[in-house]
Amino acid sequence: MPRFLSVKPDTRLITLPWSTPLAEWPTDTLVALPRGISRHVVRFVRVGREVYAVKEVIEHLARHEFSLLRDLERLDTPSVEAVGVVVGRVDPHGEPLDPVLVTRHLQFSLPYRSLFTRGVRQDTVNRLVDAMVVLIARLHLIGFLWGDVSLSNTLFRRDAGSFAAYLVDAETGELHDKLTHGQREHDLQIARTNLFGEFCDLEAGGLLDEALDPQVLVETIESRYRELWNELTEVEEFSGTEMHRIDSRVRRLNALGFDVAELDITTDFAGSTIRIQPKVVDAGHHQRRLLRLTGLDTEENQARRLLNDLDYFRALTDQQGADESIVAHQWLTDRFESVVNSVPSDLRGKLEPAEVFHEVLEHRWFASERAGREVPLEDATQSYMRTVLGSLPDEKIALSSMASMGPLANPYDPSQGYDDDEETAPYDPWEDDEAAAEDDAAAVPAGFLDIAALRARAGQG
Amino acid sequence: MATVNFRDATRVYPGADHPSVDKLNLEIGDGEFMVLVGPSGCGKSTSLRMLAGLEEINQGSIYIGDRDVTDLPPKDRDIAMVFQNYALYPHMTVGDNMGFALKMAGVSKTERQTRVAEAAKLLGLEDFLNRKPKALSGGQRQRVAMGRAIVRSPQVFLMDEPLSNLDAKLRVSTRTQIAALQTRLGVTTVYVTHDQVEAMTMGDRVAVLKDGLLQQCDTPLNLYDKPRNLFVAGFIGSPAMNLIEGKVSADGIHIGDYVVPVPRETLARASNEQNLMLGIRPENFTLGEANDGIGIDVAVVEELGADAFLYGTVAGLHEDERLTANQITARISGRTPPQRGTTVRLRIDPEHVHVFSKASGDRISPDNAR
């Protein structure tokens, strides 16, 4: 009987066909969502209104990943939510099956395979690359060595015209107190190789825009990472007459979306040279402020956009002197909620509320430009709902973008590639040996050291 | 290709009260397959990561060939971490799946093709080069992953528990393949595992670590036949060596009512210790007659074809002593195995008795014993 290890169990998961290998699950439980490639068997299942990702993997890895994902959640790092591990699976013949790790499908998320398609704008690619870089840097800041940085292990969410990246796969991850320079370099090296391979794969599958060069893309990722890391951690030295540089550094970090929780400031004896170095920086500067003021939990750039609108609202209503939290409450009901509530119910799955608000603001700006006057928010909202939102793909669960991925051999498993028939497999002498080795292995109990064989081999040598 | 030298290499984690790797001295020969083995927390992975450049070296140094790499970043060390967490790219051919990293490194197309073809030949994948990986078996996928490391032709291969992600069946076949490939390639390889059977069957030499300290580095047979201390004696071998405490007498060591003969010169090396530890491998016991051998109360007999495993405790112990007594394991002929509940005598050839100091754990018997 399977055992469920879970913190927040969803009882509807219990009735899934656990005694069947995942690759053979009946398709009526599955959802074909676009995703990256994977070594393991991974499927999406729909249970009621929830979608879960289930991955078949050996037990120690399943448990390791489950606890790491929970650590990442606790540390407020963008990652998928671990739901549980199912162990003790056996098939109807009593043969054991690998355990399964269950994670919640990240709503409104987009895998790279549906983003890096033909015709993708260079600007979009830059934003995706930036999102990836911010994720790697955030993970490194908390001491997380990913060990398998790749696009396949990342999901993207829209973030006020940019993207926010989430970690999906923590199987190879390790949480340390602090990463060494070598560990970060190692992660970067893996990132370069994996991303290069993934871009080449998209290229080979005719899915990468011809204007994009895999080599340039990976170099950009590496250089952007270094720039960001330096800004986040580097020592800055200046003369005692330039004290404003302390404030500028903090502002620059805030603009990048980071809060400085601890800044190390040292001076020489005379006080003529100042040396500063951020010691503790936390991502989510705008996110936290917006959450505190309004209770809205959004991505970082969305938060920045919403906060800008809050400032604008304050000026508009002439409340600069009023308590910020009171104005924020007014803004929430008068502006944010009035826009979001006017989304017709059949269009709610198109975009997240904060992204809709951002889009309406954009729409309004363009409309005002065209009209040569300020278009009221209500009018812009109506126009946006009427002319734009309805024509967008549904992204709550991004099914439609599967169409862009070509004729897959197995719609539930993009790792299988296209459905291009190949003749029978060539002869592989090693597989014959392997069969023989398996027979040998079966004759010897597992974990038994065959010292006679070792002596014989040493004698021959 | 190159040698690898750890010279007093030490790693202390911030806040830790003792080093994770303590003054490691290890010389790895050119083309050698060196396995680092030990229980969890022994420092084997840390040592490998120090070599890879992932862990700082607080004291000492590491050389690859005659280059001091102690402070070099990972990418400048000319090493390849054989990465078992491979993903095969579905739209690329097997050949491109093996050679894409060379393309990134700016290696010319002709050179890439040559290296990929060589690796494919070595891996028995020649006929698969132009195919997509879709239909490959688990084992073939493993080989493509190995191919990725091979085409880079690094000076040293590093492998950190590469088989731990595989199921039991694939583990045994991949183990054999890695060892065979390493022999053919002749590239210096450092391999980390917690599994002593894996270590013993794969390594040219095996370095056993515990608590950050190197216990012994030797050929698999020497580790088995001449363990330098109690830890190595107990760690290497499956089923494990029996370690039994006995009282020293003039011509041997008392175990129950039997005196295991031990040469006087060996006993003389045990400076005034009253009790010593005896190490006897399960296969070195034979069933003895009457009073010839250690008396054992048989608890369980497990028959396995030509052999039988006998488990029991030293006979004639008091009830409370029996509870704490070590279990004795003997591998004997399966033709006429004794019954459980009986008492038998187990004989040992003096040459197969390993004697250890109880105080220091060090080996006392001379190295010709096995």
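## Where the two chains meet

Let's start at the meeting place of the two chains: 42 residues of chain B are in contact with 50 residues of chain A. On the chain B side, the elements that give two or more residues to this contact are α2 (94–104), α4 (138–151), α5 (168–185), α6 (196–202) and α7 (220–225). Of these, α5(B) makes the largest contribution, with five residues. Sorted by class, the side of chain B that touches chain A has 21 nonpolar, 12 polar and nine charged residues.

Keep in mind that this is a predicted model. The predictor gives the complex an ipTM of 0.83 and a pTM of 0.87. For chain B, the average pLDDT is 91, and 98% of the residues score at least 70.

## Chain A at a glance

Now turn to chain A, whose secondary structure comes to 13 helices and 16 strands. Its C-alpha trace spans about 85 × 65 × 45 Å along the principal axes. The chain has 461 residues, and buried ones make up 35% of them. Among contacts between residues at least 6 apart in the sequence of chain A, 63% join residues at least 24 apart.

Helix α1 of chain A covers residues 59–74. At 1.5 Å a residue, its 16 residues should span 22 Å, and the end C-alpha atoms are 23 Å apart, so the two values agree. Which residues of α1(A) are buried? They are A:Ala62, A:Glu65, A:Phe66, A:Leu68, A:Leu69 and A:Leu72. The cover over these buried residues includes strands β5 (82–87), β8 (100–104), β12 (162–167) and β13 (174–175) of chain A. After the helix comes A:Asp76, with a positive phi near 60°.

Helix α3 of chain A takes in residues 122–141. Buried residues in α3(A) include A:Leu128, A:Met132, A:Leu135, A:Arg138 and A:His140. This helix is followed by A:Gly143, whose phi is also positive, near 90°.

## A closer look at Thr154

A:Thr154 is found in strand β11 (residues 154–159) of chain A. Is A:Thr154 buried or exposed? It has 24 C-beta neighbours inside 10 Å, and a residue needs 20 or more to be buried, so A:Thr154 counts as buried.

Leaving aside residues up to four places away in sequence, A:Thr154 touches A:Tyr112, A:Met132, A:Leu135, A:Ala165, A:Tyr166, A:Leu167 and A:Val168. For a sense of distance, the C-alpha atoms of A:Thr154 and A:Val100 are separated by 20 Å, while the two residues are 54 apart along the chain.

## A three-stranded sheet

Chain A also holds an open sheet of three strands in the order β14-β16-β15, with antiparallel pairing. Strands β14 (236–239) and β15 (258–267) stand at the edges, and each has a single partner strand, so one side of each is left without a neighbour in the sheet. On average, neighbouring strands of this sheet are turned by 30° against each other, direction ignored.

How many bridges join β15(A) to β16(A)? There are nine, and the two strands run antiparallel, with β16 covering residues 273–283. Across this pair, A:Ile265 stands opposite A:Ile276 in β16(A).

Methods:
Residues numbered from 1 in each chain as written. Chains lettered and ligands numbered in written order. Predicted model: local features only at pLDDT ≥ 70, side-chain atom pairs only at ≥ 80, totals over all residues. pLDDT = per-residue confidence, 0-100. Pairing = 2+ DSSP bridges. Helix = DSSP H or I, 4+ residues; strand = E, 2+ residues; numbered from the N terminus. Axes fitted to C-alpha atoms, helices over the stretch in contact; angles between N-to-C directions. Contact = placed C-beta atoms within 7 Å. Nonpolar A, V, L, I, M, F, W, Y, C, P; charged D, E, K, R; others polar. Buried ≥ 20, exposed ≤ 12 C-beta atoms within 10 Å, placed from the backbone. Expected span 1.5 Å × (residues − 1).
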